[in-house]
There are 2 protein chains.
Amino acid sequence: MPKTAGIILIGNEILSGKIIDANAAYLCRELRELGVEVRRVVVIPDDVALIAEEVAAFSKAFDLVFTSGGVGPTHDDVTIEGVARAMGVPVVRHPELVTLLERYYRETLTEAALRMAEIPEGAELVVAGDLRFPNVAMRNVYVLPGVPEIFRRKFDAMRERFRDAPIHLKNVFVRIGEGTLADYLNALLGSFPLLAVGSYPEFSNPEYRVKVTLESRDRGYLEQALADFLGRLPGDAVVKVT
Amino acid sequence: MPKTAGIILIGNEILSGKIIDANAAYLCRELRELGVEVRRVVVIPDDVALIAEEVAAFSKAFDLVFTSGGVGPTHDDVTIEGVARAMGVPVVRHPELVTLLERYYRETLTEAALRMAEIPEGAELVVAGDLRFPNVAMRNVYVLPGVPEIFRRKFDAMRERFRDAPIHLKNVFVRIGEGTLADYLNALLGSFPLLAVGSYPEFSNPEYRVKVTLESRDRGYLEQALADFLGRLPGDAVVKVT
């Protein structure tokens with residue numbers, strides 16, 4: 001079974017339209033490239049009970065879970081507490097993280113900043129790449145911060161641990177509309193029921209009208225399906241295949 | 001009670017990182033401006049059962065629900081079917097929509113394209129603004145297409161029907177870090193427990209270190225809270241208030 005993943009974005013600022021999230025799109029693309037199938041993304045408020053509920057459900061439903069946001073020293077940073085509650089464990093202060101914070105802040109270290117040394121009891125500290133501060137993983141749940149530059153640096157440092165068999169993709173660009181195309185897609189899926197097929201119209205593109213995507217983990221199956229599809233389409237319908 | 005909303009994005013292409021959604025961010029910002037509080041956003045695959053489950057849950061939990069994507073003539077356009085199943089009604093072909101499609105496609109109208117005349121039985125056709133094709137609303141669920149230009153045009157045409165009392169916002173930009181700021185925020189929330197307070201660090205901004213947002217539907221309460229907060233902060237901490 002290929003690996004599946006879910007992404008939980010935590011932050012009132014996303015729901016209220018103050019900031020535009022960039023982390024989900026980044027993670028969807030990166031995980032796909034790694035062969036991991038993202039099945040669900042959710043955006044929820046900075047609320048311990050909601051975070052706990054969502055993390056518990058995602059952790060059961062998917063092989064990998066990533067959270068983004070709600071990590072830091074202020075009152076609205078409650079992700080660690082939510083993850084701990086989801087797993088039924090207390091929040092504890094990790095001595096190694098305390099040492100790192102002491103070294104970083106020196107005499108300006110406050111009690112509030114020490115919240116960043118807190119983890120769900122039993123969580124793993126993932127030391128990877130050139131990270132100064134390790135990542136926190138509680139069972140299959142990876143806790144990442146919301147700030148995009150840091151989110152990416154922290155994910156990139158450990159990305160290879162998530163790699164699975166690749167998902168192969170072919171794009172067929174056609175100059176016929178979706179109304180006409182639909183029958184060809186149905187015929188294709190009749191012959192290749194395991195194929196993942198997408199159909200994306202482009203209303204303002206002069207070159208083609210629809211991009212059709214064919215995907216499979218089995219390269220041979222994909223090649224056969226592509227040949228079948230190209231054989232069925234009217235000769236002048238295909239603009240290009242990539 | 002102020003209006004709440006949930007947003008359901010439907011599309012494998014978002015989860016697989018092929019396209020970056022722009023509709024959720026747009027809707028979060030617009031709804032906020034209208035005084036509507038978005039409580040949850042979810043991205044799910046083009047799967048009838050999942051859509052039905054999510055739409056049923058959102059429709060119960062929130063005053064307004066918006067779906068984006070999965071509307072069209074091809075095999076992966078199953079949103080209408082999902083919404084119908086969520087509400088326990090069949091999908092029916094609406095004569096008025098058939099007429100509109102006949103007028104638009106003329107002799108090129110296919111059986112597949114006629115799927116765009118299908119609605120959940122009992123759904124409302126929302127005729128608004130200069131829309132050529134009406135919006136579909138099933139109880140509190142508004143079904144919108146995924147293509148951003150069309151999504152916006154269709155939402156904008158009916159946006160005024162969602163307006164509620166405004167949410168007032170003040171931004172305080174400070175040059176102290178979150179570790180120090182946390183105590184001031186906790187004190188503020190101690191005195192003004194109904195205030196919504198956000199704290200957003202900016203690591204690469206030379207002008208300030210954290211943007212603090214104070215929000216309330218009650219303008220007087222917000223003004224009092226702002227005065228209290230500014231009175232507590234060290235005099236040189238505040239960069240600006242907007």
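In the predicted model, Val42(A) lies opposite Val42(B), a residue of strand β2(B). The strand of chain A involved is β2, residues 37–44, which pairs with β2(B) in the antiparallel sense over three bridges.

The predictor assigns the complex an ipTM of 0.93 and a pTM of 0.94. For chain A, the mean pLDDT is 95, and 100% of the residues reach 70 or more.

The contact between the chains involves 48 residues from chain A and 48 residues from chain B. About 3800 Å² of area is buried between chain B and chain A, and carbon and sulfur atoms give 60% of this area. Of the area that chain B buries against chain A, 16% is supplied by Lys18(B), Arg40(B) and His75(B), more than by any other three residues.

Polar interactions also cross the interface. Between chain B and chain A, 14 residue pairs are in polar contact, with both residues at pLDDT 80 or more. The side of chain B that touches chain A receives two or more residues from each of several elements of chain B, including the helices α1 (12–15), α2 (23–33) and α3 (48–61), and the strands β2 (37–44), β10 (196–201) and β11 (210–216). The residues on this side of chain B comprise 24 nonpolar, 12 polar and 12 charged.

Four salt bridges are found across the interface of chain B and chain A. Lys18(B) forms a salt bridge with Glu215(A), in which the closest N and O atoms are 2.8 Å apart. Lys18(B) is also one of the three residues, with Arg40(B) and His75(B), that supply 16% of the area buried by chain B against chain A.

Note on methods:
Residues numbered from 1 in each chain as written. Chains lettered and ligands numbered in written order. Predicted model: local features only at pLDDT ≥ 70, side-chain atom pairs only at ≥ 80, totals over all residues. Heavy atoms only, no water. pLDDT = per-residue confidence, 0-100. Contact = heavy atoms within 4.5 Å. Buried area = accessible area lost by both parts, 1.4 Å probe. Salt bridge = Lys/Arg side-chain N within 4 Å of Asp/Glu carboxyl O. Polar contact = N/O pair within 3.5 Å; in protein donor to acceptor, adjacent residues only side chain to side chain. Helix = DSSP H or I, 4+ residues; strand = E, 2+ residues; numbered from the N terminus. Nonpolar A, V, L, I, M, F, W, Y, C, P; charged D, E, K, R; others polar. Pairing = 2+ DSSP bridges.
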